[in-house]
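Let's take a friendly walk through a protein model. Have the sequence and the 3D view ready as you read.

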Amino acid sequence: MLLSKAEATAKKILAEFGLNEIGILTSTELQTIIQARGAYYEEVELKGMDGRIVTVLGKSVISINKNIHSIGKKRFTAAHELGHFELHKNTQPPADTPYELCNWYQLGSHEKEANDFASELLMPTSLFVQECKGKKFGPQLIKQLAETFQVTHTAVILKVLKANIHPICVIAAKDNKIKWWKLSQSMESADHDFIPGWTKYKIRITSNLPPPPDSVMGQFFKSAENKSLETLQEIDKSTWFLTHPKDNPIMFEYCNYIRDYDFGLSVIWED
Ligand SMILES: [Zn+2]
């Protein structure tokens with residue numbers, strides 16, 4: 001798989017510290033890397049944001065909100081800020097709010113780069129692929145990967161998409177409006193197998209319109225208070241896609257809903 005500049009930078013840093021491909025970066029190692037690269041790391045009270053990096057007179061301070069309860073989120077935020085430090089030295093990136101960190105594809109290129117960097121630092125592609133080998137794709141695998149790599153479900157889902165572990169479609173919506181979607185692309189796997197993408201399917205949604213009411217995501221926006229924050233359901237393919245009579249109509253949709261910012265991220269796949 002071709003690595004972006006952000007991913008290659010993360011890989012290079014892991015190698016520099018002798019941490020490449022030997023296992024998952026611990027939180028202590030992550031903080032050690034940040035300090036050794038030359039930024040100060042602190043966990044402090046931050047209003048309305050998860051993290052930020054401030055550089056004054058050549059000295060950078062990475063601050064992470066100490067009230068973030070999820071270890072995965074804390075680690076991802078720290079790695080994201082390190083990404084800004086490594087990649088965007090001469091700019092002052094805006095503070096990162098919780099919503100921005102899950103809204104991967106709708107942000108400016110600097111935010112996407114910092115996320116790509118964090119993703120590769122915490123989930124090196126080769127380890128991630130190994131970890132997925134021979135396992136059936138579904139919520140169980142997403143949870144297991146989040147546990148193994150100590151990252152959020154969102155980060156895992158987007159890595160599955162990027163590393164093409166299984167053909168999927170990822171859809172994000174906020175305030176009952178579709179914000180972005182991505183389908184797996186065809187690619188060559190690490191061991192030179194051809195993996196077909198999902199571009200053969202035509203998605204039936206429009207940016208800034210509500211998700212289909214019969215989708216799992218649509219049901220969350222209708223009545224979020226009555227639901228658990230994640231749901232898996234079998235759906236009919238026509239819910240999200242244009243169908244052809246010969247198609248297998250069965251698909252699965254797994255939606256993670258974050259009530260605090262009325263944000264939903266759905267992943268859709270076939271068996
Ligand atoms: Zn950022």
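## Before we start

This is a predicted model, so to speak of local features we need pLDDT of at least 70, side-chain atom pairs count only at pLDDT 80 or more, and totals for chains, interfaces and linings use all residues. Residues are numbered from 1 along each chain as its sequence is written, and side-chain values use heavy atoms, with hydrogens and water left out.

## The zinc site

Which residues hold the zinc ion? They are H80 (NE2), H84 (NE2), D96 (two OD contacts) and E111 (OE), at 2.0 to 2.5 Å. Donors here are N, O and S atoms within 2.8 Å of the metal (3.2 Å for Na, K and Ca); water is not among the atoms, so sites may look incomplete. Along the chain, the zinc donors follow the spacing H-x3-H-x11-D-x14-E.

Look at H80 and H84: both sit in helix α3 (residues 71-87), four residues apart, which is about one turn of the helix. Helices (H or I, at least four residues) and strands (E, at least two) are DSSP runs, numbered from the N terminus. Both histidines, H80 and H84, are buried, meaning under 20% relative accessible area, while exposed is over 50% and partly exposed is in between (1.4 Å probe, protein chains only).

## The three-stranded sheet

Now find the open sheet with the order β1-β3-β2 and mixed pairing. β1 (39-44) and β2 (51-56) are at its edges with a single partner strand each, so one side of each has no neighbour in the sheet. Two strands pair if DSSP finds at least two bridges between them. β2 and β3 (residues 59-65) run antiparallel and are joined by six bridges, and I53 stands opposite I62 in β3.

Two helices pack on this sheet. Helix α2 (residues 27-37) touches β1 and β3, and its direction makes about 135 degrees with that of β1. Contact means heavy atoms within 4.5 Å. Axes are lines fitted to C-alpha atoms, for helices over the stretch in contact, and angles run from 0 to 180 degrees between N-to-C directions.

## The five-stranded sheet

There is also an open sheet of five strands, ordered β5-β4-β10-β9-β8, with antiparallel pairing. Its edge strands are β5 (177-183) and β8 (230-236), each pairing on one side only. Strands β4 (residues 168-174) and β10 (residues 263-269) share seven bridges, and C169 has I268 in β10 as its bridge partner.

Helix α7 (residues 139-149) packs here, touching β8, β9 (250-258) and β10. Helix α8 (residues 153-162) packs on the sheet as well, touching β4, β5, β8, β9 and β10.

## Rings in contact

How many aromatic pairs turn up in the whole structure? The search finds five. Rings of Phe, Tyr and Trp (its six-membered ring) pair if their centres lie within 6.5 Å; planes under 30 degrees apart count as stacked, over 60 as edge-to-face and the rest as tilted. One of the pairs is F128 with F149, tilted, with 5.6 Å centre to centre and 40 degrees between the planes. F128 belongs to helix α6 (residues 125-132) and F149 to helix α7, 21 residues apart. Both F128 and F149 are buried.

F137 and W269 are edge-to-face, 5.1 Å centre to centre with 90 degrees between the planes. F137 is in the loop between α6 and α7 and W269 in strand β10, so this pair ties together parts 132 residues apart in sequence.
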